[in-house]
Each structure stands twice: as C-alpha cells, then as structure tokens.
Amino acid sequence: MHATSTVHAPSEDSATASDTVPPRSDSKTFARAVADLKDGFNRRELWLHLGWQDIKQRYRRSVIGPFWITISQGITALGLGLLYSQLLDTSISTFLPYITTGFIVWNFILGCVTEGTETFIANEGLIKHLPAPITIYVFRTVWRQTLMLAHNFLIYLIVVVVFWGAITKHGYTISAGGTPQPGLSWTALLAIPGFFLLALNAAWLTVVFGIISTRFRDLPQVVSSLINLAFFATPIVWSTDILEKKFANAASWRGYVAELNPLYHYVQVVRAPLIGAEINWHSWVVVGGLTVLGWSLAMVVLRNYRSRVSYWV
C-alpha cells in the first residue's frame with residue numbers, strides 16, 4: 001500500500017493568476033495624506049532651517065540684511081499713506097496706522113499665494129533627491145513669509161508709538177465721518193489667533209496651488225495677475241467708511257466690494273485688533289469656515305496627487 005496525501009498542491013493556473021494580481025496600493029488614502037502632513041510638521045528642524053536660510057541667502061553680503069524688507073515696506077506704506085490720506089481727505093494720524101497694518105498683512109498673504117504656487121517647482125532638486133514628505137516645502141514657504149512679516153512688524157511698532165494718542169482714543173475714526181472705533185487696548189492680543197488662522201489658510205493654499213501648478217505651469221502667472229487685481233478691490237489703501245459715505249443710498253455697494261470679499265476678512269482678523277478697530281464677529285466666522293473648507297480640499301488634493309508631484313516637477 002502506498003501512503004496518500006490529502007493536501008492538494010495549487011494548480012499552475014491558479015498560482016499564475018495570483019501572481020499577476022498586483023497588491024492594492026494605499027498611496028491614495030487619507031491615512032497616507034495625514035501621515036505626510038504629520039511627518040512634514042514633525043521635521044521642524046529641517047523646514048525651520050531651510051526657511052531661515054532662504055532669508056539669509058536673499059540678503060547675502062548685505063550690510064543690514066533682512067531689514068531691507070522692513071525699510072522697503074516702511075517706505076511703501078508711508079508713501080501710500082501720505083498719498084491716499086490727501087486724496088481721500090482723511091487724518092494721517094489714524095489713516096497711516098490703518099494702511100500700514102493692512103499693507104503688512106497683505107504682503108504676507110501676497111507672498112504665500114505667489115510663492116506658494118511655485119513651492120514645489122522651486123524645490124525640484126530637493127524633491128527628486130531628498131526622501132521627505134512634500135509638506136515640508138509647504139511649511140518652509142509659510143515659515144519664510146512669517147519671518148518676513150516679523151521683520152515688517154517693526155514698522156507697526158514704530159507707527160503705534162508715533163500715533164499712540166490718536167489710535168488709543170475711544171471713538172476715533174479712520175476717515176472723517178466714519179464709524180467710531182473703540183481704540184487700541186488689550187484686545188490687540190486677538191491678532192495672535194487671527195494670524196494663526198491666516199497661517200493655516202496660507203498652508204492649505206500652498207498645498208492646493210502648489211500641486212496644481214506642478215501640473216499646469218500657467219497657473220502661477222494667472223494667480224499673480226488676479227492677486228494684483230484683488231489688491232485694489234480689497235480695503236487696504238481705502239476703508240469701507242469711504243464707500244458708506246460716498247454711496248449712502250446704495251448699501252449693497254459695501255456688501256459687494258468688501259463683505260463678500262474673503263481677502264477683506266483675512267486682513268481684518270489681524271488688522272482690526274492691532275489698530276483698535278471694531279472687530280466684527282462675522283469676519284471670524286468667514287475665516288474659520290474657509291479654513292475648514294480649504295483644508296478639506298487640501299486633504300483631497302494631497303490624497304490623490306501627492307505621489308505625482310515628484311514626476312511633475
């Protein structure tokens with residue numbers, strides 16, 4: 001008698017079929033997208049160093065270094081303040097702090113948007129040779145713009161010292177006949193959470209625009225043109241009081257030009273506390289809602305196209 005085995009060897013056809021079925025990839029999952037975001041943030045030493053080196057490299061061999069940023073912004077804000085205060089018939093003592101603070105915040109937004117569209121393109125060499133999460137370059141861009149804003153903040157401190165009496169007075173107006181403002185007080189600390197929300201929005205914008213721009217290289221030029229146009233439509237060098245005074249019988253003008261402009265609310269959550277202006281709660285709601293929607297979109301983009309960035313750049 002011969003021993004028989006009850007174990008059947010797999011047939012050649014079934015083995016071949018199992019070998020040809022590729023394993024299911026988990027690259028396009030929210031778990032991988034979240035992991036990329038978390039790993040990128042945890043490598044703080046790398047993107048903090050890279051962002052600081054960007055500033056040093058830009059002003060290499062310069063006598064005063066990064067403070068050229070402050071001087072340039074200060075001269076621009078002073079020139080615009082003097083010009084528009086005369087054109088709009090407003091007091092320089094209250095209008096200059098308004099325009100200076102708005103200009104500082106706007107330049108942070110402008111830098112994050114324009115440089116954010118090219119964040120992966122500019123880091124092509126590192127992306128191809130350094131095995132690291134792509135969100136490192138997002139944090140690098142936002143951190144670099146934060147350093148530039150910190151330098152420009154010196155202008156705000158100078159303006160506050162010079163015009164302290166005007167902007168701390170309860171009931172002061174930004175323009176003649178405008179809305180009375182409560183005046184600068186401890187509520188200036190609300191600018192901290194305001195900037196935190198601004199930085200969060202800058203990060204998701206950099207993720208979305210940066211990834212799309214690697215695939216469609218015309219996007220940076222389109223965004224640059226539109227953001228320059230948006231500057232004139234946003235109350236930076238003019239205030240909403242002017243619209244209310246000029247179009248008193250057309251209240252919808254203010255709604256269309258300012259209230260429906262999300263950039264106005266981004267600027268306002270930081271600017272209003274810093275100059276003691278009235279802080280509208282709906283500006284916080286708009287910015288908070290856009291933060292949630294923006295990061296939801298960013299996570300979808302990260303999930304679907306994160307792995308393709310290294311091939312597109």
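**Two helix pairs in a predicted model**

Colleague: I'm new to this one. At what angle do α5 and α14 pack?

Modeller: Helix α5 (residues 92-116) and helix α14 (residues 262-275) pack at about 135°, and their axes are 9 Å apart. Keep in mind that this is a predicted model.

Colleague: And what do we call that arrangement of α5 and α14?

Modeller: Oblique, since an angle over 145 degrees would be needed for roughly antiparallel. The crossing of α5 and α14 is right-handed.

Colleague: Which residues make the contact?

Modeller: From α5, they are Pro97, Tyr98, Thr101, Gly102, Val105, Trp106 and Ile109. On the α14 side you have Leu263, Tyr266, Val267, Val270, Arg271, Leu274 and Ile275.

Colleague: OK, switching to α8 and α10. How do their axes cross?

Modeller: The axes of α8 (residues 135-162) and α10 (residues 191-215) come within 9 Å and cross at roughly 140°. That makes α8 oblique to α10.

Colleague: Is the crossing of α8 and α10 left-handed or right-handed?

Modeller: Right-handed. The residues in contact are Val138, Thr141, Val142, Thr146 and Leu149 from α8, with Phe195, Ala199, Ala202, Ala203, Thr206 and Val207 from α10.

Colleague: How many charged residues are in the contact of α8 with α10?

Modeller: None: that contact has 8 nonpolar and 3 polar residues, and no charged ones.

Terms used
Residues numbered from 1 in each chain as written. Predicted model: local features only at pLDDT ≥ 70, side-chain atom pairs only at ≥ 80, totals over all residues. Heavy atoms only, no water. Axes fitted to C-alpha atoms, helices over the stretch in contact; angles between N-to-C directions. Helix = DSSP H or I, 4+ residues; strand = E, 2+ residues; numbered from the N terminus. Parallel < 35°, antiparallel > 145°, perpendicular 65-115°, else oblique. Left-handed = near helix turned anticlockwise from the far one by under 90°. Contact = heavy atoms within 4.5 Å. Nonpolar A, V, L, I, M, F, W, Y, C, P; charged D, E, K, R; others polar.
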